[in-house]
Amino acid sequence: MRKFLLGTLGLVSMAAPAFAADLPVKAPPVYVPPMYNWSGFYIGADGGWGRSNNCWDFFAAGGGVLPAGCFDKSGGIVGGQIGYRWQQPNNHFVLGVEAQGDWANLNRTQISAFDPALTFSNKMDALGLFTAQIGWAIDNWLWYFKGGAAVTNNTLTVSSTLGGVGLASAGSTRWGGSVGTGFEYGFSPGWSVGVEYDHLMMNAQDFAVPIAAPVIGGSIGRVTQNVDIATVRVNYRFNWGGGGSLFPSY
């Protein structure tokens, strides 16, 4: 009996390593890189094209409205932006706020539609946007909408068509609203590049036209303005507010 037990124990001890070798080995966990995160403060530069549509009307001293015509002016814009975005980890929604300021070179001169003796000029040399954003991110791609307040700086001039003598001039800072949309791509941990379109709806503005002319003598003029801008943007995100990375460390 003793020999039988010893033999059984010997067989068990010999078979144990082989049995253990046949047991399934638990694989190490698969590394899943963290999703790119757009949270943090950012600052950047932008540049592109802008178009401003202006319509002139005059309220004649004797009553009535005299439309002087509408005309577009277009040109280049360049400037920068600063903002903050917040994205909860592993969530696609992105919220943000941004302030943008640009120098512009949009000007146009046109002869009045109702009085060819008068020439109207309108120049826009600056604009600003103060907006909130809501976006949808898929990893390092971001599509967003924005909306808020807009401001433009304009110079309005009325001059004589013959000889170009200035008859009236007024500088104006005009406020209104804006809506826009854009796409942005994060190509490194802090850098991103994108394109954006914005439409600005500016409030109408009245101004005095002290012209001693039979048609609009002593009248009040009104200018309405809509602006469209398309820009390319480059941003650097400081990541002060947290966020992920395209190149995680292992």
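Arg-233 is buried in this predicted model, with a relative accessibility of 2%, where buried denotes under 20% relative accessible area, exposed over 50% and partly exposed the range in between (1.4 Å probe, protein chains only). The side chain of Arg-233 forms a salt bridge with that of Glu-98, at 2.6 Å from N to O; a salt bridge is defined as a side-chain nitrogen of Lys or Arg within 4 Å of a carboxyl oxygen of Asp or Glu. Because Arg-233 belongs to strand S8 (residues 219–237) and Glu-98 to strand S3 (residues 93–111), this pair ties together parts 135 residues apart in sequence. Strands (E, at least two residues) and helices (H or I, at least four) are DSSP runs numbered from the N terminus. Glu-98 is likewise buried, at 5% relative accessibility.

A salt bridge also joins the side chains of Lys-146 and Glu-196 (2.9 Å, N to O). Lys-146 is located in strand S5 (residues 141–160) and Glu-196 in strand S7 (residues 191–209), so parts 50 residues apart in sequence are tied together. Both residues of this pair, Lys-146 and Glu-196, are buried. Salt bridges link Glu-98, Lys-146, Glu-196 and Arg-233 in a network.

In total, 7 salt bridges were counted. Among them is that between Arg-85 and Glu-184, with the closest N and O atoms 2.9 Å apart. Arg-85 in strand S2 (residues 65–86) and Glu-184 in strand S6 (residues 166–186) are 99 residues apart, and the pair links distant parts of the chain. The relative accessible area is 2% for Arg-85, which is buried, and 3% for Glu-184, also buried.

Residues are numbered from 1 along each chain as its sequence is written, and side-chain values use heavy atoms, with hydrogens and water left out. As the model is predicted, local features require pLDDT of at least 70 and side-chain atom pairs count only at pLDDT 80 or more, while totals for chains, interfaces and linings use all residues.
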